[in-house]
Amino acid sequence: MTDIYAYITHKGGVADDSAMEMVAAAGTIDAGAAVTAIVTGSGADSDKVADEVAASYAKVLKFNLDALAYPNAEVVRKLLVNALPADAIVLVPHDTFGMDLSPGLSIKLDSSFVADVVAIEGMDGGALKVIRQEYSGMVSTHVTADIANGVVINIRPGAFSPDESKSAGGVVEDRSADAGDLTTRRTFLKIVEAEVGDVDITKSDVLVSVGRGIEDEDNIEIADELAEAMGAVVSCSRPIVDAKWLEKSRQVGTSGQTVKPKVYMACGISGSFQHMGGLKGAPFIVAINKNIKAPIFQVADVGIEADILDFLPELTEAINEL
Amino acid sequence: MEILVCVKRVPDSAENEIEVNGEGSDIERDDLVYSVNEWDNYAVEEAIQIRDNVGGSVTVVTVGDDESEEVLRREMAMGVDKGLLLADDAFEGADGKGIAGLLKAAVEKGKYDLILSGAQADDGAAQVGGMLAAMLDYPYASLVNKIEVGDGKLTVGREIEGGDQEMNEIAMPCVLSIQTGINEPRYVGIRGIRKVASLEIPRLGAADLGVEAAAIGAKVKRLDYFVPEMGDGADMLEGSTEEIIAKLIELLKANGGLK
């Protein structure tokens, strides 16, 4: 079996949850694999992360250089091309960094690429068999990738349950000297932090959250009225912000706010993984959607097959009569 | 500035229920409404706005068949200068890398400063832009939600976790994948599409592109479509609307959703 590598994303000296999830993912490719973590960064933070993940990985390759202080995918890709063997199996989290890094990495390594993998079924002859989703999670597909020349696999964050009991006690090797030429034609400048809105949806115990099913800007008031009746706050999914019907600060999801309400009313929201990624703390989820195939019904506690434009006003009226 | 925008014709998942066909070999394609991939529409709008500001031209390209021409025409009606259709029986079944290879061949037949694609399409792989950039050895940035044009370079914002924006300077020529929300794509009416109905759209096949049909073969293959087991799934509330609302109110009270 080919060597398996995992690229560790980290922030503030702490490894992302995906670090442990990729150990589990690697185990589904080859149960006996000795998996190597790759940690890039600069200063004490990346030293700390390397030591942290050594507990779960057989080996950690550490690249500690000023040029790697910010994870610019263009720089990291060059480093990985310099440092990885040509036929490597490379695991990367399918987050905004992994989406930036991996497609090009697979070309430079002349290997296969599979994006946003939610499950791995194992080897099928010379090919790796995985499960992906299409159409925002409405259907799934089995996909095989020829891995004779290696493969880059982007793993969906949260899809693999980490096995905390596994301990590897790996060694950290400082490979900074092998980084090679890291000059690129894209330079990281700065992070502009998301604007703070007039309402902080992260502070509310109850969220009435609207998605595409609201259909029109004028219908937002239907959600406002329900929220008022419930003592809740209105949040939304991405399409509502793209349409400029609500402020960005109201958006729940990986590219918006992370919320931990007690009750989440998903109204006309299909439930893409990017949206659900912003919902933490196991809230009681009520899904109201006219499309019974919407993935939100797989994760909700309670489902109602209805058009929110009809259902929400009736619910509001009933609550107001209590 | 010469700009190429890569677009794709996809089933419109906002207009359709996507269902698996009886054999699990494909999605049910009868009666599907097709449209241009949502992300691509933002990419085309951005290209038009840049051209209107700094001059140059915008070309839209797609890999597809006769039916893909309607998507090119729709985007041309937004104000795009040229369309380009890459079509050949040999292209069927190409994986992401295969598509990127065809686009690379098309790019090399022209001279473009900036190549845009949507951040992702119906299969959610978000891969073709990054692959194309690597094949061309151009710098790349994904999930771009802001572009400022400079001298031989661009300042681009990438949408990252938490709604933060990662600002980068990127040299041209380059490839960018565009995130939704970067602009407000203009509306295209029937009249606009009629206006471009007679425009010639050049069509390039494998031989025109100098691509060996055998080289397109996919290393990544989709075997089937299926609907996963629902697992626990939601408890569906049934009955009349009044009954459903009564049950829901009890559940909301029990879980802290109503005082």
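In what order do the seven strands of the open sheet in chain A run? I traced β7-β11-β6-β1-β4-β5-β12, with parallel pairing. For my own use: strands are DSSP runs of E, at least two residues, numbered from the N terminus, and two strands pair if DSSP finds at least two bridges between them.

Before going on, I noted that this is a predicted model, where local features need pLDDT of at least 70, side-chain atom pairs count only at pLDDT 80 or more, and totals for chains, interfaces and linings use all residues. Residues are numbered from 1 along each chain as its sequence is written, with chains lettered from A and ligands numbered from 1 in the order in which they are written.

Next I looked up one pair inside the sheet. Strand β1 (residues 4-7) and strand β4 (residues 35-41), both of chain A, run parallel and share four bridges. There A:I4 sits opposite A:V35 in β4(A).

Then I checked the domains of chain A, whose bounds come from an automatic or database domain assignment. I found domain 1 at 4-178 and domain 2 at 201-320. Their C-alpha centres are 33 Å apart. Six residues of domain 1 and seven residues of domain 2 make the contact, counted when C-beta atoms, placed from the backbone, lie within 7 Å.

Last, I turned to chain B. Its contact with chain A takes 69 residues from chain A and 71 residues from chain B. Strand β10 (residues 139-146) gives the largest share of chain A's side, eight residues.

Notes:
Contact = placed C-beta atoms within 7 Å.
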